[in-house]
Amino acid sequence: MGFWKKWRRGQFFGRLFALLCLFVPIFCILGLLSPGLPDVAPNSRSGVLASKRSVEGETKLGELGLLMINMLPENLAFTVFVPSEKAFDHVLKLQSNSSLMTDKMNDTFAILSQIMGFCTVPQHIPSESVPVLKELHLDSVSGFRIYVWKMTDGTLLVNNIRSEQVDLRKGEIIVHVMEGVIMDAEFEQSFIPDYEE
């Protein structure tokens, strides 16, 4: 009976706060350890991104690109110029098998978030809306200036980086897979190796 009297006598909020302080970190840790959202890959028949379990290996998007796409809400209009798996490895030195290890996960997410700010445009830009041999000026979500134009063969050129695949979709998101990484010069400097003479 003494417990219930103390509980009713004004210590309710203090104990509630203590319980929240106990359970919130536990749920956060469980959330980080959970496998997360399903990965996506393109459906070859319709160009729509589907679950990785149903269609596998039909894109050069790769696991890191899929992780970037999953960071965005599916119900809002975005266009993302995602680096290919080869571009992640060559330019950013990120590989899905080693960069997603527990000890490197925070660094990988920080890099992906920064790259997403440079290569994501808050509007639909399907390849058919880009004029052939005319430059289209866009601003990314971070304010970085993006220049897009289409070559006569239908390939997009974004800040002088060629597309590998265009017009993939996941919900309202349009995805163009690029041969390189779209980023500003300052961020690019952090990936250039320092050579000692």
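This report describes an aromatic pair and the surroundings of two further residues in a predicted model.

In this model the count of aromatic pairs comes to 1. The pair is formed by Phe118 and Phe144, whose rings lie 5.4 Å apart centre to centre with 70° between their planes, and the arrangement is edge-to-face because planes over 60 degrees apart are classed in that way. Phe118 belongs to helix 6 (residues 105-119), whereas Phe144 sits in the loop between strand 5 (136-139) and strand 6 (145-150), so the pair ties together parts that are 26 residues apart in sequence.

| Residue | Relative accessible area | Class |
|---|---|---|
| Phe118 | 5% | buried |
| Phe144 | 18% | buried |
| Ser127 | 9% | buried |
| Lys86 | 67% | exposed |

Ser127 is placed in the loop between strand 4 (120-121) and strand 5, and with a relative accessibility of 9% it counts as buried. Its side chain makes a polar contact with the side chain of Asp167 at 2.3 Å. When neighbours within four places in sequence are left aside, Ser127 is in contact with Asp167 and also with Lys150, Leu156, Val166 and His176.

Lys86, by contrast, is exposed at 67% relative accessibility and lies in helix 4 (residues 85-92). Between Lys86 and Leu61 the separation in sequence is 25 residues, while their C-alpha atoms are 9.0 Å apart in space.

Definitions and conventions: Residues are numbered from 1 along each chain as its sequence is written. This is a predicted model: local features need pLDDT of at least 70, side-chain atom pairs count only at pLDDT 80 or more; totals for chains, interfaces and linings use all residues. Side-chain values use heavy atoms; hydrogens and water are left out. Rings of Phe, Tyr and Trp (its six-membered ring) pair if their centres lie within 6.5 Å; planes under 30 degrees apart count as stacked, over 60 as edge-to-face and the rest as tilted. Helices (H or I, at least four residues) and strands (E, at least two) are DSSP runs, numbered from the N terminus. Buried means under 20% relative accessible area, exposed over 50%, partly exposed in between (1.4 Å probe, protein chains only). A polar contact is a pair of N or O atoms within 3.5 Å; within protein, one must be able to donate a hydrogen and the other to accept it, and residues adjacent in sequence count only if both atoms are side-chain atoms. Contact means heavy atoms within 4.5 Å.
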